[in-house]
Amino acid sequence: RINKEPKIIFMGKIFFQPKNQNSINYDFLSSNKEKLLNNFSIIDNNNFWQVINNKKNEHQKFEDYKIIKTFLRELIINEIHKNFKKKFILYGEDIKKIGINFKEPTFDLKKIKKIYQGNLCIDTGSILGSLSLHPRSIQIIESGGLLIQSQQNDSESMWDGINEKIIFNSINVLIENLEKYL
């Protein structure tokens with residue numbers, strides 16, 4: 001059951017911090033910004049990683065994956081804020097001071113349930129992989145929020161008949177769906 005005046009909710013970390021000099025840098029991320037916004041699942045494509053640097057070991061590639069996924073979250077959050085300022089509530093830390101009003105993060109399960117319940121809840125997937133069900137997505141569903149999720153490797157088989165209603169793979173599709181649901 002959706003609230004009469006639902007809010008768009010996001011909880012989570014949205015800023016990347018490279019751990020070492022071998023990690024992907026901000027110049028690379030900036031130069032691929034449009035490509036990422038137009039196809040979120042590009043980072044799950046082996047060809048994308050071949051272009052980046054196939055000389056890195058698996059651990060270094062995984063660190064880069066987490067950085068790109070977190071950077072993509074930041075881009076998504078900025079676009080949602082730009083389009084839905086007053087209807088968007090973000091829980092997290094503003095370590096970059098980007099001008100978005102962040103609410104204090106909460107880890108109280110009762111509070112989280114109330115926050116998600118009846119609202120449009122954005123899930124960009126876990127930074128550790130690309131599966132539809134992980135702690136945040138499960139928490140949204142169990143709390144009675146409407147899960148709106150970026151495409152994951154198993155989205156089509158997991159969500160079957162509702163896949164095209166709740167899954168987004170580009171910023172344009174996400175914005176259109178949010179406008180429709182609001």
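**View A. Glu79 and Lys82, about one helical turn apart in helix H4.** These two sit 3 residues apart in H4, so about one helical turn separates them. Glu79 is buried at 18% relative accessible area, whereas Lys82 is exposed at 52%. Buried here means under 20% relative accessible area, exposed means over 50%, and partly exposed is anything in between (1.4 Å probe, protein chains only). Helices (H or I, at least four residues) and strands (E, at least two) are DSSP runs numbered from the N terminus. What you're looking at is a predicted model, where local features need pLDDT of at least 70 and side-chain atom pairs count only at pLDDT 80 or more, while totals for chains, interfaces and linings use all residues. Residues are numbered from 1 along each chain as its sequence is written, and side-chain values use heavy atoms, with hydrogens and water left out.

View B. H4 covers residues 58–84, and because Lys66 and Glu63 are 3 residues apart in it, they are separated by about one helical turn. Both Lys66 and Glu63 are buried. By the rule used here, the count comes to 3 salt bridges.

**View C. Asp123 and Arg136 meet in a salt bridge.** The N to O distance for this pair is 3.6 Å. The pair links distant parts of the chain, 13 residues apart: Asp123 is in strand E4 (residues 120–123) and Arg136 is in helix H6 (residues 135–143). Both partners, Asp123 and Arg136, are buried.

**View D. The open sheet of 6 strands.** Reading across, the order is E3-E2-E1-E4-E5-E6, and the pairing is parallel. E3 and E6 (167–168) are the edge strands, each pairing on one side only. Two strands count as a pair if DSSP finds at least two bridges between them. Strand E1 (residues 8–11) is joined to strand E2 (residues 88–91) by 4 bridges, with Ile8 opposite Phe88 in E2. E1 is also joined to E4, by 2 bridges, and Ile8 stands opposite Leu120 there.

**View E. Strand E4, covered on both faces.** Leu120 and Ile122 point to one side of E4, Cys121 and Asp123 to the other, and all of them are buried. E4 pairs with strand E5 (residues 146–150) in the parallel sense over 4 bridges. Look for Cys121 opposite Leu147 in E5.

**View F. Leu174, a buried residue in helix H9.** H9 spans residues 171–181. Leu174 counts as buried because its relative accessibility is 0%. Setting aside neighbours within four places in sequence, Leu174 is in contact with Ile76, Ile80, Ile122, Ile148 and Phe168, where contact means heavy atoms within 4.5 Å. Pro135 is 39 residues from Leu174 along the chain, and their C-alpha atoms are separated by 21 Å.

**View G. Thr106 in a loop.** Thr106 lies between strand E3 (102–103) and helix H5 (109–116). Its relative accessible area is 17%, so Thr106 is buried. A polar atom of the Thr106 side chain lies 3.3 Å from the backbone nitrogen of Asp108. Beyond neighbours within four places in sequence, Thr106 touches Met11, Lys111, Ile112 and Ile115.

**View H. A nonpolar surface patch that includes Met158.** Leu133, Ile138, Ile141 and Met158 make up this patch of about 300 Å². Patches are made of residues with over 30% relative accessible area and no salt bridge: like charges are joined within 9 Å, nonpolar side chains (Val, Leu, Ile, Met, Phe, Trp, Tyr) within 5 Å. Areas come from the Shrake-Rupley method with a 1.4 Å probe, and for residues only the protein chains shown count as cover. Met158 is found in helix H7 (residues 155–159) and is partly exposed, with a relative accessible area of 34%.

**View I. Asp160 and its positive phi.** Asp160 has a phi near 40 degrees, a positive value in a residue other than glycine. Most residues other than glycine have a negative phi. Asp160 sits in the loop between H7 and helix H8 (163–166). With a relative accessible area of 63%, Asp160 is exposed.

Notes. A salt bridge is a side-chain nitrogen of Lys or Arg within 4 Å of a carboxyl oxygen of Asp or Glu. A polar contact is a pair of N or O atoms within 3.5 Å; within protein, one must be able to donate a hydrogen and the other to accept it, and residues adjacent in sequence count only if both atoms are side-chain atoms.
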